[in-house]
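Please read the points below with the sequence and the model open beside you. They move from the whole chain to single residues, so that each can be checked in turn.

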Amino acid sequence: MTSNRSMESERQRGKTVASRRVARTAIATAVTLALVAGGTMMVRAEAPAVSLHSATGQPMALPSFADVAERVSPAVVNVKVTSEVAAGGGMVLRGLPGMPENMPLPEFFRRYFDERVQGVPHRIQGQGSGFLVDPNGYIVTNNHVIDGSTEVTVVLNDGSSHTAKVVGRDDKTDLALLKIDTDHPLAYVELGDSAKARVGDWVLAVGNPFGLGGSVNAGIISARGRDIHSGPYDDYLQIDAAINRGNSGGPLFDTSGRVIGVNTAIYSPTGGNVGIGFAIPAETVSHVIADLRENGHVERGWLGIQIQPVTEDLAAGLGLDEARGVLVADVVPGGPASATELRAGDVILSADGQRIENYKDLPRLVADLKSGSQMELDIMRDGKPRRIDVKVGAMPDNDRVASASRSDDQSGENPHLGLYLAPLTPELRMRRGLDDGSAGVLVARVDPGSPAAEAGIEPGSLISMVGADPVSSPAQVQAAVRKASAEKQKAVIMRVERDGRALFVAVPLTA
């Protein structure tokens, strides 16, 4: 009897424990369902459990990147630069393309290359990263790493140092190509296809953070197609791999060891890594570097139009069923489009059969074409579709030299001012935030330590007069400077406008 009672008691206790377990499980399931459903509707979803074990039953581990890192690291280099800094004031940061060069600290978008302290004229050194793309010594890096440098040195993975030549640079995409000479083939890496990379894929950022030497950091692709307003062709990969100052110009690898991007910028309130970095896609790198290697500069197509996004309000007013395409705000006189029927107010919906979804789609498509190519535009005008053919022209060079360097055939006549000037096109007006009434020539670059730098002229300024004569092209500035030099003047007077202020400066003439 006692034995039977004990067994019955055990059975009852077992039922009670089981019922409690069922109750707890039911409550947990109800809570889970309520959270998933937002507390508004209860549904039963039977999804397979996520297993942390492999098919063999062994615990799954994070991937190891040791083999890839060992294979690619010999091709990653340290880029050291020396620059001449003129007298000035304050601490400034080398900024994003299109942003004021002397933007004060702090700010959210910043390069992670080097800060420059200005005071008395002096030489400074900075460091960045780069990578070899062939065994003959061609090296890819960021333009902002070598911009304004007077000397560039590349340190290879084996510790050897080599003086580098700047083959070409492109400020619109922030890329540059260097060349070093060695007596033996060098380890190199190949550019991959970033178009195949998906959000969530593993990536490796390799570079030279804070001058510490080769460093490998792993992360994932967080997003694609990011526009951080650094240039007209922004199409960045966003990554969370740790990158810091000194990583600029370094390669971003996929897990097969191919380069799918060039690490270029970070988003940070302090300048340090917070897990938001940006890399130039390999497709952009491949196109730009090929042009730099062949021509020393990038050749881009140009339509000669000023465009703006089509907003929901504009779409409604223009009779479009959706907000897409780009609105032609102006047609540049004398530009390729001016020879066609295209006019302000037209909405371009597609180019060569490709739909224009994003504001920057059209500039990218046009830039990839060579001068003389034909482009077919599908537009909407007055609610009616039309098709217009336009012959693509060559994009004007924004870095034309107005007396910046001595030419081989006029070294005794051409005064050296250290100025690189650009014509004030509608595109530049838009990028620089200048109003339609602004007139003059844009200062695209100033050589450190040059007469123009000593006179206080800064990139982004407008030169509206030379002497007593207004100027509207780099050629007019050059002619006026040569005239002043021929008249044996010690300095040339220029009217310089910046930040809504205008002043006359005297730039010393040096033959």
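**Notes on the predicted model**

1. Of the 511 residues in this protein, 44% count as buried. The model is a predicted one, and its secondary structure comes to 9 helices and 31 strands. If we take the contacts between residues at least 6 apart in sequence, 61% of them join residues that are at least 24 apart.

2. A predicted model should be read together with its confidence values. The average pLDDT of the protein is 77, and 74% of the residues score at least 70. Among the elements, the highest mean pLDDT, 96, belongs to strand β6 (residues 138–141), while strand β25 (residues 400–401) has the lowest, 33.

3. Two stretches call for particular care in reading. Over residues 88–119 the pLDDT stays under 50, although the model has 103 contacts beyond four places in sequence for them. Over residues 398–412 the pLDDT also stays under 50, and here the model has 44 contacts beyond four places in sequence.

4. Which strands pair with β30? Strand β28 (residues 462–466) pairs with strand β30 (residues 491–498) in the antiparallel sense, over 4 bridges, and β30 pairs with strand β31 (residues 501–508), again in the antiparallel sense, over 8 bridges. The strands β30 and β31 form a hairpin with 2 residues between them, where Asp499 takes a positive phi near 55°.

5. Asp174 has a positive phi of about 60° although it is not a glycine, and Asp174 is placed in the loop between β9 (165–170) and β10 (175–179). Asp352, likewise not a glycine, has a positive phi near 50° and is placed in the loop between β20 (347–351) and β21 (354–355). Are these two residues buried or exposed? Asp174 counts as buried because its relative accessibility is 2%, whereas Asp352 has a relative accessible area of 39% and is therefore partly exposed.

6. How many aromatic pairs does the structure hold? There are 2 aromatic pairs. One of them is formed by Tyr236 and Phe278, with 6.1 Å from centre to centre and 65° between the planes, an edge-to-face arrangement. This pair links distant parts of the chain, for Tyr236 is in strand β13 (residues 236–239) and Phe278 is in strand β16 (residues 277–281), 42 residues apart. Both Tyr236 and Phe278 are buried.

7. Which backbone oxygen does the side chain of Arg324 reach? The residue is found in the loop between α5 (312–318) and β19 (326–331), and the side chain of Arg324 reaches the backbone oxygen of Leu349 at 3.2 Å. Apart from residues up to four places away in sequence, Arg324 touches Val310, Val347, Leu349, Arg355, Ile356 and Glu357. Arg324 has a relative accessible area of 14%, so it counts as buried.

8. The side chain of Ser73 reaches the backbone oxygen of Ala69 at 2.6 Å, and beyond its neighbours within four places in sequence, Ser73 is in contact with Asn157 and Val216. The C-alpha atom of Ser73 is separated by 10.0 Å from that of Pro251, although the two residues are 178 apart along the chain.

Note on methods. Residues are numbered from 1 along each chain as its sequence is written. This is a predicted model: local features need pLDDT of at least 70, side-chain atom pairs count only at pLDDT 80 or more; totals for chains, interfaces and linings use all residues. Side-chain values use heavy atoms; hydrogens and water are left out. pLDDT is the predictor's confidence in each residue, from 0 to 100. Contact means heavy atoms within 4.5 Å. A polar contact is a pair of N or O atoms within 3.5 Å; within protein, one must be able to donate a hydrogen and the other to accept it, and residues adjacent in sequence count only if both atoms are side-chain atoms. Two strands pair if DSSP finds at least two bridges between them. Rings of Phe, Tyr and Trp (its six-membered ring) pair if their centres lie within 6.5 Å; planes under 30 degrees apart count as stacked, over 60 as edge-to-face and the rest as tilted. Buried means under 20% relative accessible area, exposed over 50%, partly exposed in between (1.4 Å probe, protein chains only).
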